[in-house]
Amino acid sequence: MRGERKAMSSYGDSLRKYIKENGMSVRKLSIETEINRTLLQKYLSGERLPKNLEEVNHISRCLMLSPAKQENLIECYNRSRYGEKRYEGFLMIRDMLKGLTNFRMHPVAQRESGGNDWNDNAGWDGGAEIKESYVCMGALEVENALRYILKKQSRTGQPWKLQLIAQPEAGNLSRIILSACTGQNVEVEQIICLDEETTEGNQNIKTVYNLLPMLFGSLRYQSLFYYDKKDAHINSMSLLPILILAEDIAMICSYKMDEALVFCNTESVNFCRRQYQQMKQRTSLLTPCFRDDVTEWMSFLQNFMTDLAVAEICIGSIPCVTYSMDESILKEILCLGEEGNQCLMDVFAKNRGTFLQASDKKAPINIFEESGLRRFMETGRSDEYPDDWYTPISPASRLRMLEAMIAMAENGYMDYVMVSPENLSLDPNLLIYVNENVVFQYHQDNQLSQYFSINERGVRQSFREFVGFAQENGWLYDTAATTGRMKEILAEYREKF
């Protein structure tokens, strides 16, 4: 309760400051806003919060605050209402949807070592077996050591496995691994800690955000997780919390990756490996991941399509068109060969029925951009399938599908929601489906798209809460406004086609 009062007072403190700056009494503000004076006093003390953002904005207008101060008051209100951790999680989801992280993580050129290279100082020539241990001091030396270990192992040309116990936000670990191992025959396995205090405002969305470069990188990657009190468990007092195992070498590092010990002798490496295996037994699979060659994609459809068809939330720059397709359109566009076409038709027919049954209970939310809908109407392409699997949908069929979307919205089968482009733009390469799992699909340049799913309650909760938060803050339009805009676009393209 004490922590809650402190969080709520953030809004109250800011409001008190602006009242004082404007030379306005609480009594005068009460008259201007038509809000009971006692209630205003409770806002100032942190005992209560305004019921919604509309009331916050009303108070700001009556105080005649500048736009910058209005924005600050809104931010204080959101932090007080949702708590610091939950609010920061919403901002992480916003940044994830905008694509501010470079998920592709292009290889980074190794920095000049200035004569402090492990190959020179440690005497490793890549061929001799060294039975010693090394101390690395400073971020540059730790990075050089790790790069050398990764390259030394990759030079064998044999498949190998890199095992990690490390938080994805720790140091430059992900960047170093991706830049050194991209294109190599390596499988990466990582154990991470997730925060068990999800009711306090989930931190786990931040962990997922920082995992994305690895998940969407050009590596075979698998992550495992366990629950703990994350802040207490992994902090500046933790002694060398990062463990890196690369076949015959073990490395343990500080959280900032500015100090490390490297073990080359068999006894020490085996000891570290036993510790890793004991930890792994306590973990659960976080991110089953695969890439969409035809075989894997068909397997994905058969195992996960039902979840996608009844997804509570679908997010992508282009609206989900699968729901508005009929069998005749699907027959026209597929080009997977007779067997592949029939397989996809069967999956589509099965899940179309599942979707309609599920929609009777709760309408899924489909979030997209107006520009994305226009892109579909102009090109007949959707991000839901790889481009080479189907021919563009004909203009006449596009009109039929948009008509079907509008009908589904009006009948309550689908809750279509457009983003406000000035407040939230969507990464055109990213699709997210939220149901029992959170399923991510990411399209990469000159590559097939990649998928992974996250089965973690806090992450699901964050996405579900984000929708209401984003709508209240004006980042998303409501269903009625979206449906009205879709009708205008339909009329426009009827004339154009």
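In which hand does α8 pass α9, right-handed or left-handed? In this predicted model, the crossing of α8 and α9 is right-handed. The two helices, α8 and α9 (residues 173-181), pack at an angle of about 35°. Their axes lie 10 Å apart. On the α8 side, the contact is made by Glu143, Leu146, Arg147 and Leu150. Helix α9 contributes Leu173, Arg175, Ile176, Ile177, Ser179, Ala180 and Cys181. By class, the residues of this contact comprise 7 nonpolar, 1 polar and 3 charged.

The sheet was examined next. An open sheet is formed by 8 strands with mixed pairing. The strand order is β1-β7-β6-β5-β2-β3-β4-β8. Strands β1 (133-137) and β8 (284-285) stand at the edges. Each has a single partner strand, so one side of each lacks a neighbour in the sheet. Strands β2 (residues 160-165) and β5 (residues 242-246) run antiparallel and are joined by 4 bridges. Within this pair, Ile165 stands opposite Leu243 of β5. Helix α8 (residues 139-154) packs on the sheet. The strands touched by α8 are β1, β2, β5, β6 (249-253) and β7 (259-263). The direction of α8 makes about 155° with that of β6.

The protein chain as a whole holds 19 helices and 15 strands. Of its 497 residues, 52% count as buried. The accessible surface comes to about 22,700 Å², and carbon and sulfur atoms account for 48% of that surface. Among contacts with a separation of 6 or more, 76% join residues 24 or more positions apart.

Note on methods
Residues are numbered from 1 along each chain as its sequence is written. This is a predicted model: local features need pLDDT of at least 70, side-chain atom pairs count only at pLDDT 80 or more; totals for chains, interfaces and linings use all residues. Side-chain values use heavy atoms; hydrogens and water are left out. Buried means under 20% relative accessible area, exposed over 50%, partly exposed in between (1.4 Å probe, protein chains only). Contact means heavy atoms within 4.5 Å. Accessible areas come from the Shrake-Rupley method with a 1.4 Å probe; for residues, only the protein chains shown count as cover. Two strands pair if DSSP finds at least two bridges between them. Axes are lines fitted to C-alpha atoms, for helices over the stretch in contact, and angles run from 0 to 180 degrees between N-to-C directions. A crossing is left-handed if the near helix is turned anticlockwise from the far one by less than a right angle, and right-handed if clockwise. Ala, Val, Leu, Ile, Met, Phe, Trp, Tyr, Cys and Pro count as nonpolar, Asp, Glu, Lys and Arg as charged, and the others, Gly among them, as polar.
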